[in-house]
Amino acid sequence: MKKLVVLTGAGISAESGLKTFRDSDGLWEGYNIEDVATPQAWQCNPALVQEFYNERRKSVLEAQPNAAHYALAKLEQKYDVTIITQNIDDLHERAGSTKVMHLHGIITRSQSSVNPELTYPINGWEIGMDEVCELGSPLRAHVVWFGEDVPMIGPAAQICSKAAVFMLIGSSLAVYPAAGLISYVRPEIPRYIIDPKIPDVATRGTLIRIQEKATIGVPALVNKLLED
Ligand code: APR
């Protein structure tokens, strides 16, 4: 089976009702990212950070996968598909995709605040301030904050370098190291970008541009790839 690699960002979940980061004046659900998504924020005001992610988790659990998530799952009929997502929601998995790598963690799990390798399932939408890991330290959301390492970036680069077909869906390519993954994709293979507002940085090179919302552009491209 041909290896097909998909890099997704917040745009693929926008039509499931989850807001993107950079379409709203640099605010994320009304917050400055530095106030809620950095290790410093957790040190200064852990209750605010916990509440912020609890609310995000509630929204994720209430959201449903959309036609773009389902179309990518259907691609597995004919391709060896790996999805590398920057998203912390679980909509790819719920749509049926079987190989999903979460570069920035997944909000449906908790993580030890002293050892990021200790992660746990969460019962419901809330992590309480009194909940601790097996080392006795508070639990936080299993997400990668600004200023933290992205442990999966090496394996993700390897996967990109072996792709025979590549798709980029709904990412502004503003955040590194994830945005750099595209440079590991061999330039001679078909490389598609689907976004209603194609980011400037992606106009260099030879990407095949599909200027559409994910729920329109992705199912159409998937049907074409399944027919090829
Ligand atoms: N379909 C497809 N793309 C869309 C849609 C849609 N319906 N609506 C918006 N988009 C596009 C926007 O045009 C933009 O290019 O999705 C992109 C969203 O960009 P960002 O909000 O910057 O999201 P992303 O690239 O995933 O952010 C990367 O930044 O805040 C951090 O860690 C966080 O993983 C996140 C990372």
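Reader: How do the residues of the lining of the second largest pocket divide into nonpolar, polar and charged?

Author: Keep in mind that this is a predicted model. To read a lining, sort its residues by side-chain class. Here the lining of the second largest pocket has nine nonpolar, four polar and three charged residues.

Reader: What volume does the second largest pocket have, and which residues are closest to its centre?

Author: The volume is about 380 Å³. Of the 16 lining residues, the closest to the centre are Gln 111, Pro 116, His 142, Val 144 and Pro 151.

Reader: Which strands supply at least two residues each of that lining?

Author: Those are β5 (100-102), β6 (105-112) and β8 (139-143).

Reader: Okay, on to the ligand. How many residues surround the ligand, and which are the closest?

Author: Think of the surrounding residues as a shell. There are 21 of them, and Phe 21, Arg 22, Ser 171, Ser 172 and Asp 195 are the closest. By class, the shell splits into seven nonpolar, eight polar and six charged residues. Again, domain 1 (1-18 + 64-104 + 149-228) and domain 2 (19-62 + 113-143) each provide at least three residues of the shell.

Reader: Which polar side-chain atom lies 2.9 Å from an oxygen atom of the ligand?

Author: For this, look for pairs of N or O atoms within 3.5 Å. The side-chain atom you want belongs to His 104. On the nitrogen side, a polar side-chain atom of Glu 15 lies 2.9 Å from a ligand nitrogen. The backbone can take part too: a polar backbone atom of Ala 214 is 2.9 Å from a nitrogen atom of the ligand.

Reader: What percentage of the ligand's accessible area does the protein cover?

Author: Start from the area that the ligand has on its own, 740 Å², and ask what the protein covers: here, 93%.

Reader: Now the backbone. Is the peptide bond from Tyr 176 to Pro 177 cis or trans?

Author: Read the omega angle. For this bond omega is near 10°, and the bond is cis. Pro 177 sits in the loop between β9 (165-169) and β10 (191-194). Leu 173 has its place in the loop between β9 and β10 as well. Check its phi: near 55°, a positive value in a residue other than glycine.

Reader: Last one: which side chains make polar contacts with the side chain of Asp 80?

Author: Find Asp 80 in strand β4 (residues 79-85). Its side chain makes a polar contact of 3.2 Å with the side chain of Lys 3. Another polar contact, of 2.6 Å, joins the side chains of Asp 80 and Lys 99.

Key:
Residues are numbered from 1 along each chain as its sequence is written. This is a predicted model: local features need pLDDT of at least 70, side-chain atom pairs count only at pLDDT 80 or more; totals for chains, interfaces and linings use all residues. Side-chain values use heavy atoms; hydrogens and water are left out. A residue is near a molecule or strand if one of its heavy atoms lies within 4 Å of it. A polar contact is a pair of N or O atoms within 3.5 Å; within protein, one must be able to donate a hydrogen and the other to accept it, and residues adjacent in sequence count only if both atoms are side-chain atoms. Accessible areas come from the Shrake-Rupley method with a 1.4 Å probe; for residues, only the protein chains shown count as cover. Ala, Val, Leu, Ile, Met, Phe, Trp, Tyr, Cys and Pro count as nonpolar, Asp, Glu, Lys and Arg as charged, and the others, Gly among them, as polar. Domain bounds come from an automatic or database domain assignment. On a 1 Å grid over the protein atoms alone, a cavity is a set of points where a 1.4 Å probe fits but cannot get out, and a pocket is an open set with protein on both sides within 12 Å along at least five of seven lines; lining residues have an atom within 4 Å of a point. Grid points are joined across faces, edges and corners, and a volume is the space filled by probe spheres set on the points. Helices (H or I, at least four residues) and strands (E, at least two) are DSSP runs, numbered from the N terminus.
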